[in-house]
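Biologist: Walk me through this model. I want to learn how to read each feature.

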Amino acid sequence: MLSRVADSIYWLNRYIERAENVARFLEVNLNLILDLPTRVQQQWQPLVATTGDKAFFEQHYGDATAENVIQFLTFDRQYPNSLISCLQRARENARSVREVISTEMWQQVNAFYLLVSNTAEDLALADLNQFLEEVRKASHLFAGVMDATITHNEGWHFGQMGRLLERADKTSRILDVKYFILLPSVEDVGTPIDELGWIALLKSTSAYEMYRKRSRRHLITPAEVADFLILDAEFPRSIRFCLIQVERSLHLISGSPIGTWHNPAERSIGRLRSELEYLTVEDIIEGGMHQFLDRLQKQMNQVDQEIFKTFLDLGPVHADAQRQSQL
(Lines give C-alpha, C1' and ligand atoms only; values in the text may rest on other atoms or scores of the structure.)
Protein backbone atom coordinates (compact mmCIF):
# COMPACT_ATOMS: atom_id res chain seq x y z
CA MET A 1 0.00 0.00 0.00
CA LEU A 2 1.24 3.52 -0.82
CA SER A 3 2.48 5.43 2.23
CA ARG A 4 0.31 8.40 1.24
CA VAL A 5 -2.84 6.28 1.27
CA ALA A 6 -1.97 4.53 4.52
CA ASP A 7 -1.20 7.87 6.20
CA SER A 8 -4.52 9.39 5.09
CA ILE A 9 -6.55 6.40 6.32
CA TYR A 10 -4.64 6.42 9.60
CA TRP A 11 -5.35 10.12 10.20
CA LEU A 12 -8.91 9.96 8.91
CA ASN A 13 -9.65 7.53 11.74
CA ARG A 14 -7.61 9.42 14.34
CA TYR A 15 -9.47 12.64 13.62
CA ILE A 16 -12.90 11.02 13.74
CA GLU A 17 -12.02 9.39 17.06
CA ARG A 18 -10.53 12.66 18.33
CA ALA A 19 -13.76 14.49 17.51
CA GLU A 20 -15.76 11.92 19.46
CA ASN A 21 -13.45 12.22 22.41
CA VAL A 22 -13.68 16.02 22.46
CA ALA A 23 -17.41 15.43 22.99
CA ARG A 24 -16.68 12.93 25.76
CA PHE A 25 -14.22 15.37 27.32
CA LEU A 26 -16.96 17.99 27.63
CA GLU A 27 -19.48 15.42 28.85
CA VAL A 28 -17.37 14.64 31.91
CA ASN A 29 -17.83 18.20 33.09
CA LEU A 30 -21.44 18.58 31.95
CA ASN A 31 -22.55 15.36 33.66
CA LEU A 32 -20.71 16.44 36.79
CA ILE A 33 -22.36 19.89 36.80
CA LEU A 34 -25.83 18.36 36.44
CA ASP A 35 -25.31 16.09 39.44
CA LEU A 36 -23.30 18.27 41.82
CA PRO A 37 -24.93 20.43 44.51
CA THR A 38 -25.39 24.06 43.49
CA ARG A 39 -22.91 25.18 46.18
CA VAL A 40 -20.05 23.52 44.27
CA GLN A 41 -18.44 25.91 41.83
CA GLN A 42 -18.33 24.89 38.16
CA GLN A 43 -14.85 24.13 36.84
CA TRP A 44 -13.92 24.82 33.23
CA GLN A 45 -10.28 25.90 33.51
CA PRO A 46 -9.06 22.30 34.04
CA LEU A 47 -10.45 21.26 30.65
CA VAL A 48 -8.32 23.95 29.02
CA ALA A 49 -5.25 23.01 31.04
CA THR A 50 -5.37 19.36 30.03
CA THR A 51 -5.47 20.21 26.29
CA GLY A 52 -1.92 21.52 26.57
CA ASP A 53 -3.06 24.66 24.72
CA LYS A 54 -3.66 26.99 27.63
CA ALA A 55 -1.64 29.82 26.05
CA PHE A 56 -3.71 29.67 22.86
CA PHE A 57 -6.94 29.77 24.86
CA GLU A 58 -5.87 32.71 27.04
CA GLN A 59 -4.72 34.68 23.99
CA HIS A 60 -8.02 34.21 22.15
CA TYR A 61 -10.57 33.96 24.98
CA GLY A 62 -9.21 35.15 28.31
CA ASP A 63 -11.47 33.83 31.07
CA ALA A 64 -12.40 30.13 31.18
CA THR A 65 -16.17 30.57 31.29
CA ALA A 66 -18.50 27.78 30.20
CA GLU A 67 -19.32 29.58 26.94
CA ASN A 68 -15.66 30.26 26.11
CA VAL A 69 -14.44 26.74 26.83
CA ILE A 70 -17.29 25.14 24.88
CA GLN A 71 -16.66 27.40 21.88
CA PHE A 72 -12.91 26.69 22.09
CA LEU A 73 -13.31 22.90 22.17
CA THR A 74 -16.15 22.57 19.69
CA PHE A 75 -16.48 25.28 17.04
CA ASP A 76 -13.21 27.25 16.96
CA ARG A 77 -11.78 26.75 13.45
CA GLN A 78 -8.50 28.40 14.44
CA TYR A 79 -7.86 25.84 17.17
CA PRO A 80 -6.52 22.71 15.41
CA ASN A 81 -7.91 20.22 17.95
CA SER A 82 -11.44 21.56 18.19
CA LEU A 83 -14.27 19.29 17.18
CA ILE A 84 -14.93 21.19 13.93
CA SER A 85 -11.21 21.33 13.02
CA CYS A 86 -10.83 17.57 13.55
CA LEU A 87 -13.75 16.85 11.24
CA GLN A 88 -12.49 19.27 8.61
CA ARG A 89 -9.15 17.44 8.58
CA ALA A 90 -10.88 14.07 8.56
CA ARG A 91 -12.84 15.12 5.49
CA GLU A 92 -9.66 16.33 3.76
CA ASN A 93 -7.98 12.98 4.40
CA ALA A 94 -11.07 11.11 3.19
CA ARG A 95 -11.17 13.18 0.00
CA SER A 96 -7.53 12.35 -0.75
CA VAL A 97 -8.28 8.60 -0.71
CA ARG A 98 -11.72 8.54 -2.33
CA GLU A 99 -10.50 5.80 -4.67
CA VAL A 100 -9.69 3.53 -1.70
CA ILE A 101 -12.45 4.07 0.85
CA SER A 102 -16.09 3.16 0.26
CA THR A 103 -18.77 5.59 -0.89
CA GLU A 104 -20.61 5.00 2.39
CA MET A 105 -17.54 6.08 4.37
CA TRP A 106 -17.20 9.26 2.35
CA GLN A 107 -20.89 10.06 2.80
CA GLN A 108 -20.71 9.52 6.56
CA VAL A 109 -17.64 11.77 6.94
CA ASN A 110 -19.48 14.50 5.05
CA ALA A 111 -22.67 14.04 7.06
CA PHE A 112 -20.68 14.18 10.31
CA TYR A 113 -18.90 17.37 9.26
CA LEU A 114 -22.14 19.04 8.18
CA LEU A 115 -23.85 18.06 11.45
CA VAL A 116 -21.23 19.96 13.44
CA SER A 117 -20.79 22.82 10.97
CA ASN A 118 -24.52 23.56 10.80
CA THR A 119 -24.95 23.29 14.57
CA ALA A 120 -22.18 25.83 15.16
CA GLU A 121 -24.49 28.58 13.97
CA ASP A 122 -27.12 28.44 16.70
CA LEU A 123 -26.37 25.89 19.43
CA ALA A 124 -27.90 26.84 22.77
CA LEU A 125 -26.13 25.74 25.95
CA ALA A 126 -29.27 23.85 26.99
CA ASP A 127 -29.01 21.70 23.85
CA LEU A 128 -25.32 20.88 24.27
CA ASN A 129 -25.81 17.45 25.85
CA GLN A 130 -28.02 16.28 23.00
CA PHE A 131 -25.55 17.63 20.44
CA LEU A 132 -22.62 15.81 22.08
CA GLU A 133 -24.65 12.58 22.04
CA GLU A 134 -25.24 13.05 18.30
CA VAL A 135 -21.50 13.53 17.80
CA ARG A 136 -20.76 10.25 19.55
CA LYS A 137 -23.38 8.43 17.49
CA ALA A 138 -21.98 9.86 14.25
CA SER A 139 -18.50 8.63 15.18
CA HIS A 140 -19.85 5.16 16.02
CA LEU A 141 -21.70 5.10 12.71
CA PHE A 142 -18.51 5.92 10.81
CA ALA A 143 -16.62 3.10 12.57
CA GLY A 144 -19.44 0.66 11.81
CA VAL A 145 -19.68 1.74 8.17
CA MET A 146 -15.93 1.33 7.74
CA ASP A 147 -15.94 -2.13 9.30
CA ALA A 148 -18.85 -3.23 7.11
CA THR A 149 -17.98 -1.71 3.74
CA ILE A 150 -14.25 -2.08 3.05
CA THR A 151 -11.95 -5.07 2.90
CA HIS A 152 -10.09 -5.72 6.15
CA ASN A 153 -6.69 -5.43 4.51
CA GLU A 154 -3.68 -3.23 5.29
CA GLY A 155 -5.68 -0.03 4.86
CA TRP A 156 -8.29 -1.15 7.37
CA HIS A 157 -5.57 -2.07 9.87
CA PHE A 158 -3.92 1.35 9.52
CA GLY A 159 -7.33 2.86 10.28
CA GLN A 160 -7.67 0.62 13.32
CA MET A 161 -4.28 1.67 14.64
CA GLY A 162 -5.14 5.35 14.21
CA ARG A 163 -8.53 5.03 15.89
CA LEU A 164 -7.36 2.92 18.84
CA LEU A 165 -4.18 4.87 19.58
CA GLU A 166 -6.28 8.02 19.67
CA ARG A 167 -8.87 6.34 21.90
CA ALA A 168 -6.24 5.09 24.36
CA ASP A 169 -4.66 8.53 24.54
CA LYS A 170 -7.96 10.30 25.16
CA THR A 171 -9.16 7.74 27.71
CA SER A 172 -6.00 8.51 29.67
CA ARG A 173 -6.67 12.25 29.43
CA ILE A 174 -10.31 11.97 30.49
CA LEU A 175 -9.21 9.88 33.48
CA ASP A 176 -6.49 12.38 34.31
CA VAL A 177 -8.95 15.27 34.28
CA LYS A 178 -11.04 13.61 36.99
CA TYR A 179 -8.26 12.03 39.01
CA PHE A 180 -5.86 14.95 39.05
CA ILE A 181 -7.86 18.10 38.51
CA LEU A 182 -11.65 18.10 38.65
CA LEU A 183 -12.24 17.08 42.27
CA PRO A 184 -13.58 20.22 43.96
CA SER A 185 -11.41 19.89 47.09
CA VAL A 186 -9.35 17.40 49.09
CA GLU A 187 -12.10 17.34 51.72
CA ASP A 188 -14.51 15.89 49.13
CA VAL A 189 -12.46 12.71 48.58
CA GLY A 190 -14.59 9.67 49.40
CA THR A 191 -17.77 11.71 49.74
CA PRO A 192 -20.94 11.48 47.59
CA ILE A 193 -19.59 14.46 45.59
CA ASP A 194 -16.49 12.46 44.76
CA GLU A 195 -18.57 9.43 43.76
CA LEU A 196 -20.73 11.59 41.48
CA GLY A 197 -17.56 12.64 39.70
CA TRP A 198 -16.51 9.06 39.06
CA ILE A 199 -20.00 8.17 37.84
CA ALA A 200 -19.83 11.12 35.43
CA LEU A 201 -16.49 9.91 34.15
CA LEU A 202 -17.73 6.34 33.64
CA LYS A 203 -20.80 7.55 31.78
CA SER A 204 -18.71 9.82 29.59
CA THR A 205 -16.52 6.90 28.53
CA SER A 206 -19.57 4.65 27.96
CA ALA A 207 -18.19 2.48 30.75
CA TYR A 208 -20.76 2.86 33.53
CA GLU A 209 -22.90 -0.19 32.77
CA MET A 210 -19.98 -2.49 31.99
CA TYR A 211 -18.18 -1.36 35.13
CA ARG A 212 -21.26 -2.12 37.21
CA LYS A 213 -21.62 -5.57 35.64
CA ARG A 214 -17.98 -6.41 36.31
CA SER A 215 -17.57 -4.86 39.75
CA ARG A 216 -18.49 -7.03 42.73
CA ARG A 217 -19.07 -4.02 44.95
CA HIS A 218 -21.76 -1.36 44.87
CA LEU A 219 -19.34 1.43 45.73
CA ILE A 220 -17.52 3.21 42.94
CA THR A 221 -13.90 3.70 44.03
CA PRO A 222 -11.11 5.54 42.21
CA ALA A 223 -8.87 2.46 42.23
CA GLU A 224 -11.50 0.19 40.66
CA VAL A 225 -12.43 2.77 38.01
CA ALA A 226 -8.76 3.28 37.14
CA ASP A 227 -8.21 -0.48 36.99
CA PHE A 228 -11.17 -0.86 34.62
CA LEU A 229 -10.27 2.00 32.29
CA ILE A 230 -6.53 1.29 32.19
CA LEU A 231 -5.96 -2.42 32.65
CA ASP A 232 -9.11 -4.26 31.57
CA ALA A 233 -8.31 -6.48 28.56
CA GLU A 234 -11.88 -6.84 27.29
CA PHE A 235 -13.61 -3.44 27.56
CA PRO A 236 -13.17 -1.67 24.17
CA ARG A 237 -12.41 1.76 25.60
CA SER A 238 -9.80 0.62 28.12
CA ILE A 239 -6.22 1.59 27.38
CA ARG A 240 -4.91 -1.96 27.55
CA PHE A 241 -7.57 -3.30 25.17
CA CYS A 242 -6.78 -0.56 22.64
CA LEU A 243 -3.05 -1.24 22.73
CA ILE A 244 -3.56 -4.99 22.36
CA GLN A 245 -5.54 -4.33 19.19
CA VAL A 246 -3.00 -1.81 17.88
CA GLU A 247 -0.25 -4.41 18.28
CA ARG A 248 -2.39 -7.03 16.53
CA SER A 249 -3.03 -4.78 13.53
CA LEU A 250 0.61 -3.75 13.35
CA HIS A 251 1.79 -7.37 13.17
CA LEU A 252 -0.86 -8.26 10.59
CA ILE A 253 0.50 -5.44 8.42
CA SER A 254 4.14 -6.46 8.84
CA GLY A 255 3.51 -10.21 8.81
CA SER A 256 5.71 -10.91 11.83
CA PRO A 257 4.41 -12.97 14.79
CA ILE A 258 3.22 -11.19 17.94
CA GLY A 259 5.88 -11.58 20.63
CA THR A 260 8.67 -10.79 18.17
CA TRP A 261 9.76 -7.50 16.63
CA HIS A 262 11.41 -6.64 13.34
CA ASN A 263 11.05 -2.85 13.36
CA PRO A 264 11.02 -0.06 15.98
CA ALA A 265 7.22 0.28 15.83
CA GLU A 266 6.71 -3.37 16.83
CA ARG A 267 9.27 -3.02 19.59
CA SER A 268 7.68 0.16 20.96
CA ILE A 269 4.12 -1.18 21.09
CA GLY A 270 5.28 -4.58 22.36
CA ARG A 271 7.13 -3.06 25.30
CA LEU A 272 4.20 -0.83 26.23
CA ARG A 273 1.61 -3.61 25.96
CA SER A 274 3.83 -5.97 28.01
CA GLU A 275 4.28 -3.36 30.72
CA LEU A 276 0.51 -3.01 31.13
CA GLU A 277 0.07 -6.79 31.31
CA TYR A 278 2.18 -7.02 34.46
CA LEU A 279 0.99 -3.85 36.20
CA THR A 280 -1.57 -3.68 38.98
CA VAL A 281 -3.62 -0.62 39.83
CA GLU A 282 -1.86 -0.57 43.20
CA ASP A 283 1.46 -0.14 41.37
CA ILE A 284 0.00 2.77 39.41
CA ILE A 285 -1.46 4.56 42.44
CA GLU A 286 1.71 4.05 44.49
CA GLY A 287 3.80 5.73 41.80
CA GLY A 288 1.26 8.53 41.27
CA MET A 289 -1.73 8.31 38.92
CA HIS A 290 -1.03 11.60 37.15
CA GLN A 291 2.64 10.75 36.71
CA PHE A 292 1.74 7.34 35.28
CA LEU A 293 -0.79 8.77 32.82
CA ASP A 294 1.60 11.49 31.72
CA ARG A 295 4.33 8.92 31.04
CA LEU A 296 1.84 6.65 29.28
CA GLN A 297 0.78 9.45 26.94
CA LYS A 298 4.42 10.06 26.01
CA GLN A 299 4.91 6.34 25.33
CA MET A 300 1.83 6.26 23.08
CA ASN A 301 3.14 9.29 21.19
CA GLN A 302 6.38 7.36 20.72
CA VAL A 303 4.44 4.42 19.25
CA ASP A 304 2.78 6.82 16.82
CA GLN A 305 6.14 8.29 15.80
CA GLU A 306 7.63 4.84 15.19
CA ILE A 307 4.63 3.81 13.06
CA PHE A 308 5.15 6.99 11.04
CA LYS A 309 8.88 6.43 10.55
CA THR A 310 8.46 2.74 9.71
CA PHE A 311 5.49 2.87 7.33
CA LEU A 312 4.29 6.37 6.56
CA ASP A 313 7.28 8.71 6.22
CA LEU A 314 7.18 10.33 2.79
CA GLY A 315 10.50 12.10 3.18
CA PRO A 316 11.52 15.67 4.02
CA VAL A 317 8.76 17.26 1.92
CA HIS A 318 6.08 15.73 4.14
CA ALA A 319 8.08 16.89 7.14
CA ASP A 320 8.02 16.32 10.87
CA ALA A 321 6.41 19.73 11.40
CA GLN A 322 3.14 18.52 9.92
CA ARG A 323 3.28 15.41 12.08
CA GLN A 324 3.76 17.41 15.25
CA SER A 325 0.80 19.64 14.37
CA GLN A 326 -1.42 16.57 14.13
CA LEU A 327 -0.52 15.09 17.52
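This is a predicted model: local features need pLDDT of at least 70, side-chain atom pairs count only at pLDDT 80 or more; totals for chains, interfaces and linings use all residues.

Biologist: How many helices and strands does the chain have?

Modeller: There are 16 helices and zero strands.

Biologist: Where does isoleucine 101 sit?

Modeller: Isoleucine 101 is in the loop between helix 5 (83-96) and helix 6 (103-119).

Biologist: Is isoleucine 101 buried or exposed?

Modeller: Cut-offs first. Buried means under 20% relative accessible area, exposed over 50%, and partly exposed in between (1.4 Å probe, protein chains only). Isoleucine 101 counts as buried because its relative accessibility is 9%.

Biologist: Which residues does isoleucine 101 touch?

Modeller: A contact means heavy atoms within 4.5 Å. Leaving aside residues up to four places away in sequence, isoleucine 101 touches Ala94, Trp106 and Ile150. Ala94 is one of the buried residues of helix 5. Trp106 is among the buried residues of helix 6. Isoleucine 9 is 92 residues from isoleucine 101 in sequence, with 8.4 Å between their C-alpha atoms.

Biologist: What span should helix 6 have?

Modeller: The expected span is 1.5 Å times one less than the number of residues. Helix 6 has 17 residues and should span 24 Å; its end C-alpha atoms are 24 Å apart, which agrees.

Biologist: Is leucine 114 buried or partly exposed?

Modeller: Leucine 114 lies in helix 6. Leucine 114 is partly exposed, because its relative accessible area is 41%. Its C-alpha is 9.5 Å from that of isoleucine 84, 30 residues apart in sequence.

Biologist: What phi does serine 206 have?

Modeller: Most residues other than glycine have a negative phi. Serine 206 is not a glycine, yet has a positive phi of about 55 degrees. It is in the loop between helix 9 (192-204) and helix 10 (208-214). At a relative accessible area of 35%, serine 206 is partly exposed.

Biologist: How much space lies in the largest pocket?

Modeller: Rolling a probe the size of a water molecule over the atoms shows where empty space is left. On a 1 Å grid over the protein atoms alone, with a 1.4 Å probe, a pocket is an open set of points with protein on both sides within 12 Å along at least five of seven lines; lining residues have an atom within 4 Å of a point. About 390 Å³ of space lies in the largest pocket.

Biologist: Which residues lie nearest the centre of the largest pocket?

Modeller: Thr51, Tyr79, Asn81, Lys170 and Arg173 do, out of 18 lining residues. Helix 1 (3-35), helix 2 (45-51) and helix 8 (154-182) are the elements that give two or more residues to this lining. Helix 1 gives the most, with five residues.

Biologist: What share of the chain is buried?

Modeller: Buried residues make up 53% of the 327 residues.

Notes:
Residues are numbered from 1 along each chain as its sequence is written. Side-chain values use heavy atoms; hydrogens and water are left out. Grid points are joined across faces, edges and corners, and a volume is the space filled by probe spheres set on the points. Helices (H or I, at least four residues) and strands (E, at least two) are DSSP runs, numbered from the N terminus.
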